[in-house]
Amino acid sequence: MEILLIFILFAGSIILVAQPLFKPVSKATKTIVIELKNLEDQKLALYHQIKQIELESELGLLTEEDYSSTRFRLKTEASGLIGQINELKKK
Amino acid sequence: MINTFATLGAVSQNLALGFSLLTIILLLFYIKNNDSRLFISGRRAALISAALVVIATMVLARELIVSNFNLEYVAHYTSRATPLLYKISALWAGQAGSLLFWVFILAIYVLIIIYQNWNSNQSLMPWVIIIVTTIQLFFLFMTNFITNPFTPVEAGIIVADGNGLNPLLQNVTMAIHPPTLYLGYVGFAIPFAFAMAAMITKDSSANWIRIVRRWTLVTWLALGIGILLGAWWAYQELGWGGYWAWDPVENASLMPWLTATAFIHSIIIQEKRDMLRVWNMVLIIVTFTLSIFGTFLTRSGIMSSVHSFATSSLGPLFLGFVFLILVSSFLLLIYRLPLMRTTNRIESFISRESGFLFNNVVFIVMCFAVFWGTMFPVLTEAVRGTKITVGAPFFNQVNIPIGLALLLLTGIGPLLAWRRTSKARLIKQFSWPIMISLVGLVVLLLIGMKGYILISFTLAIFVTTTILLEFVAGIMARKRRFGEPAPLAFWRMLRKNRHRYGGYIVHFSIVLMFVGFTGKAFDKEIEIAVRAGDKFHLDGYEFELAKISTIERSNHFAWIAHLRVTEIGAGPVTELFPEKRIYFHRDPDQRKRQPHSELDIHTTLMQDIYSVFSGYDSQTESASFKIMINPLVNWVWIGSYIFVIGTLFALWPQRRKQ
């Protein structure tokens, strides 16, 4: 009984691990979906940062000059990401 | 002879080791060949390895619950009379079980990070999995070959009943304190793995920081709760009237928490200003190394401690592992230094960046002081052959001024602007807090406060004022911008800036804790032997021993004292029932019976009346007591609750509009 249990546990695990090795290489569409999700996440993180610097500017923790330059940098970065997202969506 | 379940546990543990190795091999091949099938396969091996660890741990828990004394571990740490909760907590009471429990938590974390990053961070994930699996491999090696929790009792021996759990561990707080501490210790493996993966893959951006920020906070919170629960347990259970003794094991948990706190602050600078890349790497390496070192201190037996419930010969292995982590991580960091350099510099001494940097320096100095004091006995023994113990006075003398400097920075930092703070802003931000603190200082001087007590209370006022003003400034900003009424502005301000205001709530909790710590300076105590009907006095209170009764419970016998407490000139205050217990009282072998004092405390916001029933002489019917009046101690625990609330608030996911 114990040997059977050990065998099932071992064989089951090995099959699960080995199974992907016998499949054809995954399609490119999945890579695109993953890439899109990454870019969307990065875009949302940038939007959040823009909101944060707005508050910091209101609280006087950023000078007007620093606020404008940081906002511009973040917005440029976000625009770049949006461009990449649109490119990927076309594919 | 062990049963099928125990065999399943032992085999799962063996297989987990094998699959951990397989994970590393497959993922290294994936990195070399870039064949996604190898990645999927390696990831599955990691998942299976983690699942097998979970199975092994569940099996050991089951064997403890059903009292399978055919296993050495079960027989050593439980008995039939051990209550169910403590049978479960015996899982982490001994060395072998606690190491398996360590891997169990890591396995759960591995499952979570793999799930969370199933479709993201694909460049980092192979290395992250390799690194956490290597850590897992080390612990599995120990539980398989050095200290195996599934080791059967010697052949031919039948154990009718086990030894039972140490009475000091038969406490609800102590049942949950180690798991929370371990959640913290183990959790730092994840940010460490991401940091190493970022360096290996030459990703010098703040991406890894964004990924691990939440993880680090969760881990930091868990370690913080673990430390506070340990303090609470020491206060409630050990009977010496304090909550922090600078014991080596306490220090072992405090050190990674201090460096992690520094890390949590300094990553903000990397996110905002792309500075301190190398410093953040150093901090996370040191934090994780200190976590392993903490486990080493607790489990190696190198230090004598009230918290060390297991001793062993694991020391050299742990030390070797710590050395390996430090050397390999720092070599990698040195190799990647050219990539980590940034052009941004601190522009002004009076800026938010330098505030954070000072805070970091102070945290590191404090950590080093604690490390030095903790390791000094070991070092002196190694060098001179005699152990020179460093006691609480050393730690207090060094850490009280450092702690007060930190408290001051808690107040100053948030008021400073990024890059530089103008003179006008300095005056605007600091005038009210300084004025209110000065008024507080004068009042405190008038009521006779001096020295560190005076500084601590004044700083508490200063920091509280700065935090309140930050909230007010936030509300005013929203009112100006959106025309919202104050309550709505307050609510939206909190909701939309959880990190910032959660952080301020945590800062406030630290202020409250400092108030509690300062109260320690006013402690009063008496140790006395009395008989029923006798009265004694302490600090304006009269204590009367009304009677002593006895009771027999499932796992111990107890004498219960009935103490009536009256405030002189004011009337009755409370009744206290401290107990003197004898665990394993039915054991015919007198040496196995273990005495234990279960204390009773009357708590108010201003002070605790703390009673310990130290001993009872049935011949003379004389009972010994230790009574303490501990002012303000409750603020340490109130601060602890607020610390948890603040961190959870900062952690709570923020809804982001698309």
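**Sheet in chain B.** I looked up the open sheet of four strands in this predicted model; its order is β1-β10-β9-β8 (chain B), and the pairing is antiparallel. Strands pair here if DSSP finds at least two bridges between them. Helices (H or I, at least four residues) and strands (E, at least two) are DSSP runs, numbered from the N terminus. I noted β1 (524-530) and β8 (600-603) of chain B as the edge strands, each pairing on one side only. The twist from one strand to the next averages 15 degrees.

**β1 and β10.** I checked how β1(B) meets β10 (residues 622-631) of chain B: seven bridges, antiparallel. Opposite B:A529 I found B:S624 in β10(B).

**Helix across the sheet.** I then traced α9 (residues 207-238) of chain B, which lies across β8, β9 (607-617) and β10 of chain B. α9 runs at about 45 degrees to β9(B). Axes are lines fitted to C-alpha atoms, for helices over the stretch in contact (heavy atoms within 4.5 Å). Angles run from 0 to 180 degrees between N-to-C directions.

**B:A392.** I placed B:A392 in helix α15 (residues 392-412) of chain B. B:A392 counts as partly exposed because its relative accessibility is 29%. The scale is buried under 20% relative accessible area, exposed over 50%, partly exposed in between (1.4 Å probe, protein chains only). Leaving aside neighbours within four places in sequence, B:A392 is in contact with B:A245 and B:W246. I also took the C-alpha to C-alpha distance to B:G373: 9.3 Å, at 19 residues apart in sequence.

**Conventions.** Residues are numbered from 1 along each chain as its sequence is written, and chains are lettered from A and ligands numbered from 1 in the order in which they are written. In this predicted model local features need pLDDT of at least 70, side-chain atom pairs count only at pLDDT 80 or more, and totals for chains, interfaces and linings use all residues, while side-chain values use heavy atoms, with hydrogens and water left out.
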